[in-house]
Amino acid sequence: MAANRRNGMHPSEPGLVGVVSAAMALPRMSMPTVATVVAAVAALYFGREVFLPIAIALLLTFALAPLVSALKRLGIPRLPAVIASVLGAFTVLALFSFIVATQVSELAQNIPLYQSNILTKVRSLKETGVGGGVIARLSEAIERVGQELDSQETSPPAADQPRREPVPVEIIARERPLQVLQNLIGPLISPLASAGLIVVVVIFMLLEREDLRDRFIRLVGYGDLHRTTEALQEAGKRVGRYLLMQLVVNIVYAIPVTAGLWVLGIPNALLWGLLALALRFVPYIGPIIGALLPLFLALAVAPGWSLVLWTAGLFVAMEMITGNVVEPWLYGSRTGLSPLAIIVAAIFWTWLWGPLGLVLSTPLTVCLVVLGRHVPQFEFLDVLFGNEPVLEPHARLYQRLLAGDPEEATDHAEEMLEEKYLFEFYDKVAIPALLLGEQDRVRGVMGDEQRRRVAASAQMLVANLDDSAREEAEEDDDPATVEPATADKDKDKDKDKDKDKQAQAEGEDDTELPDGTDMSVLCAGGRGELDDAAAAMLAQVLEVQGATVSKASFADMDPTGIRRLELDAVDTVVVGFLNLDSVKHARFLVRRLKRAKAALRVGIVFWSQDGDDKETEVELANDINADFVAFGMVEAVLGALSSDPPVALKVAAKRRMRRRPRPAKKAPLAAAK
């Protein structure tokens with residue numbers, strides 16, 4: 001059954017104190033960092049006329065840099081490659097803008113044709129009384145408010161003054177042709193100037209990319225070239241990949257939308273497809289805006305409601321396919337941002353730079369997360385906006401146990417069990433979580449009530465994982481998994497060799513867990529409720545291996561309780577301690593258990609993350625007269641399911657009273673003479 005068990009690993013990790021300090025260490029912002037952030041935000045807000053074009057040029061540089069590199073690999077010199085890439089990109093943008101402007105002009109001419117359909121639908125809503133006359137009541141309320149405001153603003157005329165009729169006044173404005181031309185061209189000067197400036201900046205950034213990189217490194221990271229270079233490369237790759245993949249996703253989304261709207265008969269289907277392509281760069285609200293405009297037009301085009309429903313179904317279906325199939329397939333969550341961070345970033349950059357800030361919010365926040373990942377002073381940015389877990393798995397589990405929430409702890413465990421075996425989860429996550437609790441108890445920051453709550457939550461976690469343990473045991477008993485087909489044996493051997501090589505390269509221990517059939521083991525806690533929880537985890541792993549397991553609490557390990565234990569059918573007793581300073585107590589327990597049954601194997605587990613030291617295990621086993629001593633889950637299972645004969649109880653040497661030697665009698669002075 002256990003012959004196909006995956007190998008157990010026990011790499012050396014930081015000690016208990018180091019684990020606790022690492023789990024409790026949180027990134028803290030010093031006052032200079034807060035002042036720097038506030039000053040930077042103020043500079044970006046008040047200097048947006050300068051920084052916004054530079055930010056757009058920087059992101060376009062990230063997007064066009066792979067294209068320039070590809071052209072250079074084809075043998076094209078740098079300058080022609082840069083100019084061709086920039087001109088090609090801005091030509092596409094200009095063509096996009098021209099098509100959108102043409103379609104909008106055509107739509108504006110046809111709007112009066114759709115007015116009758118809209119009025120017909122409004123009348124139908126009024127006649128059917130949809131919403132209990134809500135539309136009518138709202139119209140009456142708005143009309144009454146308007147009348148009340150007009151009555152307050154218009155003062156009644158005095159009775160003794162005659163009422164004067166208003167005199168019509170006609171204003172004739174005579175503008176010169178030069179002024180008319182200035183009014184037409186003036187609004188276009190600023191956007192065209194900004195576009196031209198962005199084009200020039202992008203060209204120079206692409207031409208001087210290596211020089212700008214070296215200057216940035218010399219300015220901020222000359223003392224740590226490795227970290228600065230890694231940050232620059234990661235930022236460039238992430239932003240460039242995000243922009244490219246987002247463009248591909250939007251194109252894959254826009255083409256079916258355009259075709260579907262054209263089939264449904266929505267006017268200007270090309271316009272709505274292009275707008276959907278552009279608006280999907282805006283996180284979350286962009287696709288909604290891109291769908292509302294065609295829905296409104298569908299409402300105006302046809303007199304019925306079927307076209308509106310078909311249009312809504314088209315957008316819903318495309319969003320489902322794009323969000324659940326296309327995006328995970330192409331780039332998934334490679335931006336490194338959490339969903340909440342994307343929303344917060346969109347709000348922040350919109351407040352800072354307006355609509356363009358909304359479009360640029362995701363790539364700019366990606367750059368900030370990369371900065372926080374590689375610069376210690378800005379680590380809080382990675383914690384706030386990154387999608388990586390900020391707590392280690394064992395610390396996260398301990399937090400849930402401390403809060404008395406075994407359900408969420410179970411969900412977390414089941415997610416990990418999709419990729420790990422049960423003994424790996426207990427060895428790498430659950431036992432280290434209990435070690436954190438024991439450390440808090442020793443430091444005096446955990447009261448009795450909290451300790452009992454953590455222990456009860458851990459016991460509930462073990463009970464909730466019974467189904468997972470049963471499924472894992474059934475998988476081991478399945479002959480199809482134990483003995484693969486002959487045609488696949490060679491492939492499996494090659495895979496096993498590759499795994500063994502990888503394990504040896506990573507310093508992992510290559511040990512198979514034994515079969516526990518026809519063996520009976522008693523698992524007990526050493527000195528407290530937390531030890532009982534660890535013993536329950538070990539018992540569940542032994543049950544998966546096929547052993548017959550019983551459990552005892554730490555209270556059953558006192559002299560009176562040991563006499564009441566039924567040890568006749570038990571082959572091995574394993575007692576676990578989370579407190580490493582329990583050697584003397586372990587020695588007494590081993591002696592009492594072996595006195596209760598001479599042929600009993602007794603093992604002691606000192607739960608630790610320091611790894612296994614064979615010499616220390618042997619020395620401790622000899623010292624406390626135990627059959628084996630273990631420091632982790634794998635060693636505990638190996639010792640509990642071993643077929644070695646039990647170690648005989650050593651007879652304690654009796655203490656003998658040492659008599660002080662009597663001093664020799666001195667001869668009398670006369671006799672000496």
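First, a term I need: a crossing of two helices is right-handed if the near helix is turned clockwise from the far one by less than a right angle, and left-handed if anticlockwise. I also note that this is a predicted model.

**Entry 1: α17 and α18**

I started with helix α17, residues 406-417, and helix α18, residues 422-443. Their axes come within 10 Å and cross at roughly 120°. Angles of 65 to 115 degrees count as roughly perpendicular and those over 145 as roughly antiparallel. The two helices are therefore oblique to each other. I looked up the hand of the α17 and α18 crossing, and it is right-handed. Which residues meet there? From α17 I listed Ala413, Met416 and Leu417. From α18 I listed Leu422, Phe425 and Val429. By class, this contact of α17 with α18 has six nonpolar residues, no polar and no charged.

**Entry 2: α18 and α23**

Next I followed α18 to α23. These axes also come within 10 Å, crossing at roughly 175°. That makes α18 roughly antiparallel to α23. On the α18 side, the contact residues include Leu422, Phe423, Tyr426, Ala430 and Glu438. On the α23 side, I noted Leu530, Met537, Gln540 and Val544 among them. I sorted the contact of α18 with α23 by class: 12 nonpolar, two polar and one charged. Leu422 of α18 turns up in the contact with α17 and in the contact with α23.

**Entry 3: the sheet**

I then turned to the strands. In what order do the five strands of the open sheet lie? I read β2-β1-β3-β4-β5, with parallel pairing. β2 and β5 (628-630) stand at the edges with a single partner strand each, so one side of each has no neighbour in the sheet. From one strand to the next, the twist averages 20°.

I checked the pairings of β1. Strand β1 (residues 520-525) runs parallel to strand β2 (residues 548-552), and five bridges join them. Serine 520 has threonine 548 in β2 as its bridge partner. From β1 the chain crosses through helix α23 (residues 529-544) to β2, a right-handed β-α-β crossover. Five bridges also join β1 to strand β3 (residues 572-577), again parallel. Here cysteine 523 has valine 574 in β3 as its bridge partner.

**Entry 4: helices on the sheet**

Last, I looked up which helices lie across the strands. α23 lies across β1, β2 and β3, at about 160° to β1. Helix α27 (residues 633-640) lies across β1, β3, β4 (601-606) and β5. I noted its direction too: α27 runs at about 160° to β5.

Note on methods
Residues are numbered from 1 along each chain as its sequence is written. This is a predicted model: local features need pLDDT of at least 70, side-chain atom pairs count only at pLDDT 80 or more; totals for chains, interfaces and linings use all residues. Side-chain values use heavy atoms; hydrogens and water are left out. Axes are lines fitted to C-alpha atoms, for helices over the stretch in contact, and angles run from 0 to 180 degrees between N-to-C directions. Helices (H or I, at least four residues) and strands (E, at least two) are DSSP runs, numbered from the N terminus. Angles under 35 degrees count as roughly parallel, over 145 as roughly antiparallel, 65 to 115 as roughly perpendicular and the rest as oblique. Contact means heavy atoms within 4.5 Å. Ala, Val, Leu, Ile, Met, Phe, Trp, Tyr, Cys and Pro count as nonpolar, Asp, Glu, Lys and Arg as charged, and the others, Gly among them, as polar. Two strands pair if DSSP finds at least two bridges between them. A crossover is right-handed if, with the strands pointing away from the viewer, the path from the first strand over the helix to the second runs clockwise.
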